[in-house]
Every structure is written in structure tokens, then in C-alpha cells.
Amino acid sequence: MTTPEAHAIAERRLCGLVNGLARRIADHVRDRAGTLDLTAPQATALRELSGPMTMRELADRMACEPSNATFVIDKLEGRGLLERRPHPTDRRAKQLVLTEEGAALRERLMELLARESPLAGLSQEEQDALQGLLHKAVSHT
């Protein structure tokens, strides 16, 4: 049985590792984004735009408020990388859709993000296990 003190120490160490990994991933995204003349939030939006989606869906994927996602999308739209189109089933909503140029830039970004990723030292099996454990920890109530 662990003591409350031992539990607190273990939790602190784990938090430090998770935060360290998050910082390394954020730095990696920022560095790669800069080579494409994108900000980190713009790169994150492009990474997450794997297909047509609403602003709310994108904001959820980016883990940010819709107003922040809107600001980022306005910049990408201004560069001709995506368009807002009527939603096929919800006339109140718009879908975000990459243009041909946006899809090409996303593909380049995805290639850059895959190179020297902070997770590259883990096998696919280890990455899947880490993802499963983190999902379990985040989902536990």
C-alpha cells in the first residue's frame, strides 16, 4: 500500500513527464509550422482538418474555444487554404473544407510533423499503449 506522500511524489513525477512531452510536441509543431510560414495554431488546425468539419468540431479537436478557432480559420481562409461551405444537412452551420492548395500544404505539414517527432523513439505498439493509458487517465472520473 502506498502512502499519501509516495502517491503525491509519483503523481508529481508523472505530471512532469506528461508536461515535458507536451512541451516537446508543441515545440516540434511550432518549429515545423515556421518552415511553412504558419503559426503553431494554424498548423494544428491544418493537422486536424482531416476532412470537412464544422468550426465546433475543429475547436474540439484543437482543444480551444470556438472563438480562437475562428481567428485561426480566418487567417487560413485569407491565405486561400480553406473555404467555408454550407453544411449539407444543417443549414445553420458551415463546413470548413481545405482548398487544393490547403490540402497540398497539409500534406507537406504532415510529412514534416512525422520527421523526428518526439514520439519517434516509441514503436507503434508503445505509442498505442501510451495513448490508451493517457485516454484511460483522462477519462477516469
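Student: How many of the residues in the lining of the second largest pocket are nonpolar, polar and charged?

Tutor: The residues lining the second largest pocket divide into seven nonpolar, two polar and two charged, where Ala, Val, Leu, Ile, Met, Phe, Trp, Tyr, Cys and Pro count as nonpolar, Asp, Glu, Lys and Arg as charged, and the others, Gly among them, as polar. Keep in mind that this is a predicted model, in which local features need pLDDT of at least 70 and side-chain atom pairs count only at pLDDT 80 or more, while totals for chains, interfaces and linings use all residues. Residues are numbered from 1 along each chain as its sequence is written, and side-chain values use heavy atoms, with hydrogens and water left out.

Student: What volume does the second largest pocket have, and which residues line the second largest pocket?

Tutor: A pocket is an open set of points on a 1 Å grid over the protein atoms alone, where a 1.4 Å probe fits, with protein on both sides within 12 Å along at least five of seven lines, and its lining residues have an atom within 4 Å of a point. Its volume is the space filled by probe spheres set on the points, which are joined across faces, edges and corners. Here the volume is about 300 Å³, and the lining consists of Ile25, His28, Val29, Arg47, Glu48, Met110, Leu113, Ala114, Ser117, Pro118 and Leu119. Two or more of these come from each of H1, H2 and helix H5 (100–114), a helix being a DSSP run (H or I, at least four residues) numbered from the N terminus, as are strands (E, at least two).

Student: Which residues lie nearest the centre of the largest pocket?

Tutor: Of the 24 residues that line the largest pocket, Val18, Leu21, Ile25, Leu130 and Leu134 lie nearest its centre. The elements giving two or more residues to this lining are H1, helix H2 (40–48) and helix H6 (124–139), and the largest share, 10 residues, comes from H6. The volume of this largest pocket is about 780 Å³, and its lining has 16 nonpolar, five polar and three charged residues.

Student: How many salt bridges does the structure hold?

Tutor: Side chains of opposite charge can pair when their charged atoms come close. The structure holds seven salt bridges, each being a side-chain nitrogen of Lys or Arg within 4 Å of a carboxyl oxygen of Asp or Glu. In one of them, the side chains of Asp27 and Arg30 meet at 2.7 Å, N to O; both residues lie in helix H1, three residues apart, which is about one turn of the helix.

Student: Is Glu48 buried or exposed?

Tutor: Glu48 counts as buried because its relative accessibility is 17%, and buried means under 20% relative accessible area, exposed over 50% and partly exposed in between, with a 1.4 Å probe and protein chains only. Its salt-bridge partner is Arg47, with the closest N and O atoms 2.9 Å apart, and Arg47, at 27%, counts as partly exposed. For Asp27 the value is 37%, so Asp27 is partly exposed, and Arg30 is partly exposed too, at 44%.

Student: Which parts of the chain does the pair of Arg84 and Asp74 link?

Tutor: The side chains of Arg84 and Asp74 meet in a salt bridge of 2.7 Å, N to O. This pair links distant parts of the chain, with Arg84 in strand E1 (residues 82–86) and Asp74 in helix H4 (residues 66–78), 10 residues apart. Arg84 counts as partly exposed at 27% relative accessibility, and Asp74 is partly exposed at 38%. Salt bridges that share partners join Asp74, Glu77 and Arg84 into one network.
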